[in-house]
Amino acid sequence: MRRNAKCLPPSAVMTEQYYAQPPAICASATEAYPVCIAKWAIHIRRGPGTEYPIVRIARGREIFMITAQSSGTGASQWGHIQGGEGWISLDLTQRLDHMN
C-alpha cells in the first residue's frame with residue numbers, strides 16, 4: 001500500500017494500467033486486531049471498495065489480522081489484511097478482541 005499519495009476518487013476508471021498499478025489508497029493505520037468472517041463467504045478485494053477486483057473468496061470462519069482501515073464503496077469500513085492479501089468489508093466480519 002502506498003502512503004503519502006492522493007486518495008482514489010470514487011469515479012476511478014478501470015483500465016489495464018489500473019489493474020497493473022492501482023492508485024494509492026488512503027487508510028488509517030491501526031494496531032493489528034483479529035476479525036472472523038461472520039458470513040458464509042466474503043470477497044477479498046485488491047482495494048477498499050467494490051470497484052476493486054476480487055482477489056479470492058474467503059469461506060467459512062477464517063480469521064484475519066486487520067492492520068489498517070479505510071472508507072470505500074460498498075461497506076461502511078474496509079479492513080486491510082495483514083500480509084497484503086487484500087481488503088475485506090468489516091461489515092461482514094466480527095471483531096475478536098479476546099485474541100489480542
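Me: Which side chain meets Glu85 in a salt bridge?
Reply: This is a predicted model. A salt bridge needs a side-chain nitrogen of Lys or Arg within 4 Å of a carboxyl oxygen of Asp or Glu. Here the N to O distance is 2.3 Å. The partner of Glu85 is Arg56.

Me: How many residues apart in sequence are the parts that Arg56 and Glu85 tie together?
Reply: Arg56 sits in strand β3, residues 54-59. Glu85 sits in the loop between β5 and β6. The pair therefore ties together parts whose separation in sequence is 29 residues.

Me: Which residues do salt bridges with shared partners join into one network?
Reply: Arg56 meets Glu85. The side chain of Arg56 also meets that of Glu62, at 2.9 Å, N to O. The shared partners give one network of Arg56, Glu62 and Glu85.

Me: Is Arg56 buried, partly exposed or exposed?
Reply: Buried means under 20% relative accessible area, and exposed means over 50%. Arg56 has 29% relative accessibility. Glu62 has 25%, and Glu85 has 28%. Arg56 therefore counts as partly exposed.

Me: How many salt bridges does the count come to?
Reply: One joins Glu62 and Arg56. Another joins Arg56 and Glu85. By the distance rule, the count comes to 2.

Me: Which residues does Gln82 touch, not counting those up to four places away in sequence?
Reply: Gln82 lies in the loop between β5 and β6 (87-89). Its C-alpha atom is 5.7 Å from that of Ile66, 16 residues away along the chain. Contact requires heavy atoms within 4.5 Å. The residues touched by Gln82 are Met65 and Thr67.

Me: What is the relative accessible area of Gln82?
Reply: Gln82 is a loop residue. It counts as partly exposed. Its relative accessible area is 47%.

Me: Which residue in the turn of the β4 and β5 hairpin has a positive phi?
Reply: Strands β4 (residues 63-72) and β5 (residues 75-81) run antiparallel, joined by 5 bridges. Across this pair, Ser70 stands opposite Trp78. The hairpin leaves 2 residues between the strands. The turn residue with a phi of about 90° is Gly74.

Me: What pattern does the protein chain follow along the sequence?
Reply: The chain has 1 helix and 7 strands. Of its 100 residues, 36% count as buried. Read along the sequence, the pattern is α-β-β-β-β-β-β-β.

Key
Residues are numbered from 1 along each chain as its sequence is written. This is a predicted model: local features need pLDDT of at least 70, side-chain atom pairs count only at pLDDT 80 or more; totals for chains, interfaces and linings use all residues. Side-chain values use heavy atoms; hydrogens and water are left out. Helices (H or I, at least four residues) and strands (E, at least two) are DSSP runs, numbered from the N terminus. Buried means under 20% relative accessible area, exposed over 50%, partly exposed in between (1.4 Å probe, protein chains only). Two strands pair if DSSP finds at least two bridges between them.
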